[in-house]
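Have your viewer ready and follow along, one selection at a time. We will begin with a single chain, look at its parts, and then move to its partner.

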Amino acid sequence: MVALERELKETPQPVAAPTTADAIPLALRRRGASARQVLAMTIVGVLALALLASRDLPSWVGRLGDGPVAERAQTLATEWDDAMERFGLTRPHEALRAWISWALDVRW
Amino acid sequence: MLFPTLGFLLFFLIVAAAMAVLDTRFAAKKAVLVIASYYFYAQWDWRFCFLLAASSVLSYLAGQLIDAAPDQRRRQTILGIAVALHLGLLGFFKYFDFFVSSANQLARLLGLEHELPFIEILLPVGISFFTFHGISYITDVYRGDVAVCRNPLDMLLYMSFFPQLVAGPIVRAAYFLPQLARPSAEPIPIGPALLLILVGLFKKVVIANYVATGLVDPVFSAPTSYGGPDLLLATYGYAVQIYCDFSAYSDMAIALAALLGFRFPANFNQPYRAQRLREFWQRWHISLSTWLRDYLYKPLGGNREGRLKTYRNLLLTMLLGGLWHGAAWKFIAWGALHGGGLAVERMLEPWIGRRALTPAAKIIATLVVFHFVCLAWIFFRAEDFAMASLYIGGLASGWGGGLQQAGPLVVALIALGLAGQFTPDALFDRAAIAFARVPSWGLGATAGIVVALINALGPEGVAPFIYFRF
């Protein structure tokens, strides 16, 4: 009986069901992935960003701080950005930046 | 550390790697999430972590004591002390300087020379949200709505889980703690989660940022320099900005939690399509409005004690909801407008409540509610009450010139933000299902490309989310 009581105490169940609706409804949660697939997706996403958003990398690394490691990281980030520029991968970024800055300047 | 930054992406990459490596070891996963959450919080100020830990310990101990108390009176006393301590912490950090300033003003009026010193307290980010989590847990244990949490790790994670830590949604203990009791058997909804992140990023980085810098900030900082058209458009602009900013944070929080294997409640549901003010509050910041309903409006008596007391309770709840946003008259005015509006709507219930609306009446009702909400947003956004009055005065008079401040791009973004309120739910569902069919590497590549495009479209650097300061 004591063991049963302890077990009951150690596996709490909510008395009232929550009334709030899930943000992602059940119908959309049926298909899914594992934690490993989430990791794979994140790694591929980071690589794609490294290739296509290299223009912002040097300024982001620059905000990490001072010191020899930060300096080396800054140099690497700049070299990486230069390499992406040589491959033409910074063109979409620059084209969009130019378009948005033109669109912001347009007046009625 | 803001969600839409490279720093956060790398942080999330490490957390995702830990979740993948730990796989079925659920307790270890929870421990990693607690460490990650405290690291995330320490990025603002490491000293805040002690406050978060203290709030968690207080909630944990109060829950244990309430559960062990032999009689109702003692349970009630413990509940009262614990809630008072939580509110005391919140009040100290949020309202101390306001009270000192008010006391000093009173002292000057009474001719007293002695003044209390200001401490210039730094407001810990997200303090309101984890205080609400703590109060809801203790109250739910007291009411018997949730079983007491016996695992300290679960309590630490419930209070600190990083996706919702600094700006919600407010996740109730009854909703979240059962998810910590055992690992979810469901797969991770990677498609809908990714779609939420991309939509949220676009809303924050492109719409909210450009509407703020291109129109709302300049017009609200000097309303007397602008005519009626700019003032009106900036009011619509702020309605779009605050929605896109805050709902973007919620979208991303929900998605990040989903990618880590947890469910969060819905927090926004196209609020500007509401046809009643009550419906607006069922669609806007749902986790806060239901929290206020369950822990403030209902304990005050709700609608159980006659009509007059119902109106009083609505007004009090919204006034306190306004005051929660900050100790300023403008927030009190915002709360009073909403509380008064809800009370008037309740008063008119016998005439407007039971009739089915014609399509034209639905459009008119939506426009009336939207403009009422916009009027209240003027008080919310203005520097202070006096500036809000000037702004409204300008709206009522200067309609001579055309638009000076807003260009076509900003107008288009406002229109896009408003159009998003009327898209059918099925559109998101269909896109999420289509996303779910793509293999994970394909999703990663798609996400990387879209994020790079959004990043290129947005301004350099991201402004903090509006609700961080609350």
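This is a predicted model: local features need pLDDT of at least 70, side-chain atom pairs count only at pLDDT 80 or more; totals for chains, interfaces and linings use all residues.

Now zoom out to take in the whole of chain B. Its C-alpha atoms fill a box of roughly 70 × 65 × 55 Å along the principal axes. A compact globule of 470 residues would have a radius of gyration near 23 Å, and chain B agrees, with 23 Å. Buried residues account for 45% of the 470 residues in this chain. Of the chain B contacts between residues at least 6 apart in sequence, 76% join residues at least 24 apart.

Next, colour chain B by domain. Domain 1 covers 25-181, while domain 2 is made of 190-275 + 357-457. The centres of these two domains, taken over C-alpha atoms, are separated by 30 Å. Where they touch, domain 1 of chain B contributes 9 residues and domain 2 of chain B contributes 11. On the domain 1 side, select α7 (162-165) and α8 (173-181) of chain B, each of which supplies at least two residues. That side has 6 nonpolar, 3 polar and no charged residues.

Finally, bring in chain A. Here 47 residues of chain A are in contact with 59 residues of chain B. To see the chain A side, select α2 (26-29), α3 (35-52) and α6 (91-105) of chain A, the elements that each give two or more residues. Colour the chain A side by residue class and you will find 31 nonpolar, 8 polar and 8 charged residues.

Methods: Residues are numbered from 1 along each chain as its sequence is written. Chains are lettered from A and ligands numbered from 1 in the order in which they are written. Two residues are in contact if their C-beta atoms, placed from the backbone, lie within 7 Å. Helices (H or I, at least four residues) and strands (E, at least two) are DSSP runs, numbered from the N terminus. Ala, Val, Leu, Ile, Met, Phe, Trp, Tyr, Cys and Pro count as nonpolar, Asp, Glu, Lys and Arg as charged, and the others, Gly among them, as polar. The radius of gyration is taken over C-alpha atoms; the globule rule is 2.2 Å times the number of residues to the power 0.38. A residue is buried if 20 or more other C-beta atoms lie within 10 Å of its own, exposed if 12 or fewer, and partly exposed in between; C-beta atoms are placed from the backbone. Domain bounds come from an automatic or database domain assignment.
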